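Subject: Structure handover

Hi,

As promised, here is the structure for you to look through. My notes on what turned up follow below it.

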Amino acid sequence: MVDSTERWESVISPRLAEVRGRIERACRSVGRDPAGVVLVAVTKTLPVEAVQAAYSLGIRHFGESRLKELESKVPSLPNDAVWHFVGKIQSNKAKRIASIADVLHTVENDRQLAEFAKVDRTLAAFIQVNIDEEQQKSGIFIQDLDTVLSHVLKSYNVRFRGLMAIGRQTPDPEVARESFRKLAGLNRQIGGEWLSMGMSHDFEVALQEGATHIRVGTALFGSR
Ligand SMILES: *Cc1c(COP(=O)(O)O)cnc(C)c1O
């Protein structure tokens, strides 16, 4: 099938309405203002036409997890699009990522920071925490948070904004609640103002537990 922007708009439009409804209901259930939620549309593996369609429907925050894709998509949107990097940041690619992404969700070590420092721009950053200490996941363990935070706070062009985590991959979103709550508590303790947690299947629970940034792919675009 042809990847036209118009066709993607007809795919995304009803899905976006549904996602916005879910955000609104989740926020209302805990007395939060849905206007304070940043919806990051995760466009990894999707064609440029899908990204452009999402933009024309009003989305301004985009998430990518690979440098190549990020580099190919950034020029396709106007300057007011905000690009979030949500994938693992290998230090040999960190400098190029830092030169085009605006918000990094996956900071975890000082090798990355040393590479970011070579770029003359200020970046907003989340530290990724492997909250359930799952072997297959990236992110630091809680016990290392103080050390990594102190490195980030010392870096001259990376601004610490909060913590990020990925919930357990299970069909029941309630399973992630306790971990999300734990992350929110840690984030408060260390003065994080933003909190990145919640994906297509569990963002309501994340919002109820205090997420400011939710990272949503499948619910907006269909399965990859
Ligand atoms: C792919 C991805 C998402 C989006 O996942 P969906 O389940 O499609 O919403 C969110 N966060 C990260 C880190 C991802 O890699």
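Predicted model: local features only at pLDDT ≥ 70, side-chain atom pairs only at ≥ 80, totals over all residues.

A polar contact here means a pair of N or O atoms within 3.5 Å.

**Contacts with the ligand**

Threonine 218 has a polar side-chain atom 2.5 Å from an oxygen atom of the ligand. Lysine 44 also brings in its side chain, with a polar atom that lies 2.7 Å from a ligand oxygen. Glycine 217 takes part through its backbone instead: an N or O atom there is 2.8 Å from an oxygen atom of the ligand. On its own, the ligand has 380 Å² of accessible area, and the protein covers 89% of that.

**The shell around the ligand**

Which residues are around the ligand? Besides Lys44, Gly217 and Thr218, you will find Val42, Val86, Met164, Ile166, Met199, Ser200, Arg215, Val216 and Arg224 there. Sorted by class, this shell holds six nonpolar, three polar and three charged residues.

**The pocket**

Where does the ligand sit? You will find the ligand in the largest pocket, which holds about 430 Å³ of space. The pocket is lined by 22 residues, and those closest to its centre are Lys44, Val86, Ile166, Met199 and Arg215. Its lining divides into six nonpolar, eleven polar and five charged residues.

**A cavity as well**

Searching the whole structure turns up one cavity of 30 Å³ or more. The volume of the largest cavity is about 40 Å³. Along its lining are Gln128, Val129, Asn130, Ile131, Asp132, Glu134, Lys137, Ser138, Ala165 and Ile166. By class, that makes four nonpolar, three polar and three charged residues.

Happy exploring, and do write back with any questions!

Best wishes

Conventions
Residues numbered from 1 in each chain as written. Heavy atoms only, no water. Near = heavy atom within 4 Å. Polar contact = N/O pair within 3.5 Å; in protein donor to acceptor, adjacent residues only side chain to side chain. Areas by Shrake-Rupley, 256 points an atom, 1.4 Å probe, with all protein chains shown as cover. 1 Å grid on protein atoms, 1.4 Å probe; cavity = no way out; pocket = protein on both sides within 12 Å on 5 of 7 lines; lining within 4 Å. Sits in = over half its atoms within 2 Å of the grid points. Nonpolar A, V, L, I, M, F, W, Y, C, P; charged D, E, K, R; others polar. Points joined across faces, edges and corners; volume = space filled by probe spheres on them.
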